[in-house]
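Please read the numbered points alongside the sequence and the coordinates.

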There are 2 protein chains.
Amino acid sequence: MHYTFSDRVQSLKPSAIREIFKYAADPTVVSLSAGNPAPEAFPAKEIAEISANLMERDPISALQYSVTEGYAPLREFVSDYMKRSHNVGSDLDDILITSGAQQIMDLTSKAILNEGDVVICENPSFIGSLNTFRSYNARLVGVPIESDGMNIAALEDALKKEPNAKFIYTIPNFQNPSGVTMSEEKRHAVYELAVKYNVLIIEDNPYGDLRFAGEFLPCIKSFDTEGIVIYAGSFSKVISPGMRVGFTIAPKEIIQKLVVCKQGQDVHTNIWSQIVCFEFLTKYDFDAHLARLRAIYKEKAAYTMALMDENLLPNITYQKIDGGLFLWCNLPEGTDMQKFCLDAVNNKVCVVPGSAFMANPEDQTNSFRINYSTPTNEQLKKGIEILGKMAKEI
Amino acid sequence: MHYTFSDRVQSLKPSAIREIFKYAADPTVVSLSAGNPAPEAFPAKEIAEISANLMERDPISALQYSVTEGYAPLREFVSDYMKRSHNVGSDLDDILITSGAQQIMDLTSKAILNEGDVVICENPSFIGSLNTFRSYNARLVGVPIESDGMNIAALEDALKKEPNAKFIYTIPNFQNPSGVTMSEEKRHAVYELAVKYNVLIIEDNPYGDLRFAGEFLPCIKSFDTEGIVIYAGSFSKVISPGMRVGFTIAPKEIIQKLVVCKQGQDVHTNIWSQIVCFEFLTKYDFDAHLARLRAIYKEKAAYTMALMDENLLPNITYQKIDGGLFLWCNLPEGTDMQKFCLDAVNNKVCVVPGSAFMANPEDQTNSFRINYSTPTNEQLKKGIEILGKMAKEI
């Protein structure tokens, strides 16, 4: 049988990162290529307690079909919490619980994009989201990211040139892969441009709570008097990614369409995990838990950056981070980045070539991504020392 | 802000069934409109034991990111089990674990259908799947369903007329909503026609294991020497729907595309629930569990059909069932079915109008769907007696 696939998936390839995971599965290879939360960051004991109690008290509520919108007490908690802690959400908005924040990208694309429409994104940006947009035959237009976020002139230029742009996709905090946090000034500028050119914004904020230094900056959604921002939140980095629970706060009319799309996609998000998240958030001290996570990541990031300073500089440079999970490393101009990443695998250390994150195949980059949260300190030392030896030979 | 949505969702409406659930939420209304497994059918005690043990032994495996394809031991078990028990799966095939079987409909549509392509389905058929196909701008062509499955002449006619038909969607066992089981002869005929006209088949089999009378019939997938059948399986009806774990067994080349689409949709299925399913299937006696479920449904269906015989006949007729969750009730010709269903709600009993399940809005039906698995026996008695009074007044 010769299979004929849809136009939209003809050219889609498996995520380069997930392909790299196959090398990373070799136990002799140090993987700096993942994006997993540190295993010690999971509130495993608390989750076990909550779940045991739930299964004792009311197992049917956790095992039966539920509603597409999500577990009502969790939606109410998220609404209150996001308003109180981030000034996110208004009477214009509603909340949908999703199967991870990744699903928000898919549902939004499905509800908003016609084939050939344009998505404007930071360049580089998160490959998982970019691939979702591509899977709806969207055309990606990348806006270069600087040390304080998108180049605003380039953003306006793109908005002018692309009348079919439907939304701007941004990760304002500790961006994946660049580690960059957008300045407050640029957050306002992005919002104002979106209003001016009548496009939506998807504000993807999986790492915002993992700030271990510096001041918290306001979410773009907190400026949203016009109802143009779709906020994507996730419990993957602060509770557990395996449970696949995320949420979106967006204008009611948009949420209604996302709900209809979600009905056809997975009916509802795993209700057992939704209830466990809700009880963890409300019966335990979530702020103290976040403080504990920040301490873990602060120490681990400091350890990693000290190793990088010692081993990688001056040939491989990088920007210091105040949170998140990723460090973006720049090779000297003229270095063959793809070859460097391949050599690294052969030397038993796995990083992600920056090309995986570019909006278009012709966009050039000399950078690669390192993750510091998944490996142990021993693995970080071993891996960065190998990269260091390679750096000296550039 | 005026929002512009994609062409594909402009006309999509929330599932009529889910809308009816809103009436059904009124505690004074008897709901015969759901499709939930009987609460007493859940292996709640076993799930609690497995989960407690897992959280004690290896919580990180249940809480960390996992692979898109699904939990490897579960995939291996499903592969062996489906081969052994249903002769489903061959060297041509691979397995993907999904977030419920609903996700298989979405991933397959995304990977196979271009906008405007045709899906051939039984008429009536499951609204959740039909809406997913619609959400990819597919055109639905309905083939009338008879007491032994699709009208084969009408199927061939549709295949001849529709060169852009990409797949046939069928629920061969205890079809939702009609309760019909396709005869073995027709299963072969559907398969042969699909081969002849070079289209795929999605065989959706959520209820097959819930046969409480009569002989098990072979799956269409068990004939699949050509690699044209995408088999959709689910643990929702035999373990728990709240956990959202399903699986598809399909040709390798198709599975590869579904995996790429799933990466962009929810990364992977809740891994905690995947492990719990695997351990329930392998550490407990799954066959004994299925026997217990069949006994529950056999008794409950017999109770319901006795009530229907007593109260609804002769004005409202229905076909007896040997399994599954649904009964399809036919009003006398000339009765206004929509009005009958609305009157029923006003009389405090909720059923689903058959029009919700039709492939196209102009397709006429005089039938409505009853579910017997969710209500208690007291509710069944009360609800069917109300319908009986209404039947006498037709």
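1. The model is a predicted one. As for the interface, 100% of the interface residues of chain B are also interface residues in chain A, so the copies meet through the same surface.

2. The relation between the two chains may be stated next.

3. Two helix pairs in chain A deserve attention. In general, a pair of packed helices is described by the angle between their axes and the distance between the axes.

4. From H5(A), the contact is made by A:Pro73, A:Leu74 and A:Phe77, and from H11(A) by A:Gln274, A:Cys277, A:Phe278, A:Leu281 and A:Thr282. Six residues of this contact are nonpolar, two are polar and none is charged.

5. In the second pair, the axes of helix H6 (residues 102–112) of chain A and helix H7 (residues 127–135) of chain A come within 9 Å and cross at roughly 20°. Because angles under 35 degrees count as roughly parallel, H6(A) is roughly parallel to H7(A). The crossing of H6(A) with H7(A) is right-handed. A:Gln102, A:Met105, A:Asp106 and A:Ser109 of H6(A) meet A:Gly128, A:Ser129, A:Thr132 and A:Phe133 of H7(A). By class, the contact of H6(A) with H7(A) comprises two nonpolar, five polar and one charged residues.

6. Is A:Phe235 buried or exposed? The residue lies in the loop between strand S8 (229–234) and strand S9 (246–251) of chain A. A:Phe235 counts as buried because it has 26 C-beta neighbours inside 10 Å, where 20 or more are required.

7. The surroundings of A:Phe235 complete the note. Its C-alpha atom and that of A:Val245, ten residues apart along the chain, are separated by 5.9 Å. Neighbours within four places in sequence aside, A:Phe235 is in contact with A:Val245, A:Gly246 and A:Cys277. A:Cys277 also takes part, on the side of H11(A), in the contact with H5(A).

Methods: Residues numbered from 1 in each chain as written. Chains lettered and ligands numbered in written order. Predicted model: local features only at pLDDT ≥ 70, side-chain atom pairs only at ≥ 80, totals over all residues. Contact = placed C-beta atoms within 7 Å. Helix = DSSP H or I, 4+ residues; strand = E, 2+ residues; numbered from the N terminus. Nonpolar A, V, L, I, M, F, W, Y, C, P; charged D, E, K, R; others polar. Buried ≥ 20, exposed ≤ 12 C-beta atoms within 10 Å, placed from the backbone. Axes fitted to C-alpha atoms, helices over the stretch in contact; angles between N-to-C directions. Parallel < 35°, antiparallel > 145°, perpendicular 65-115°, else oblique. Left-handed = near helix turned anticlockwise from the far one by under 90°.
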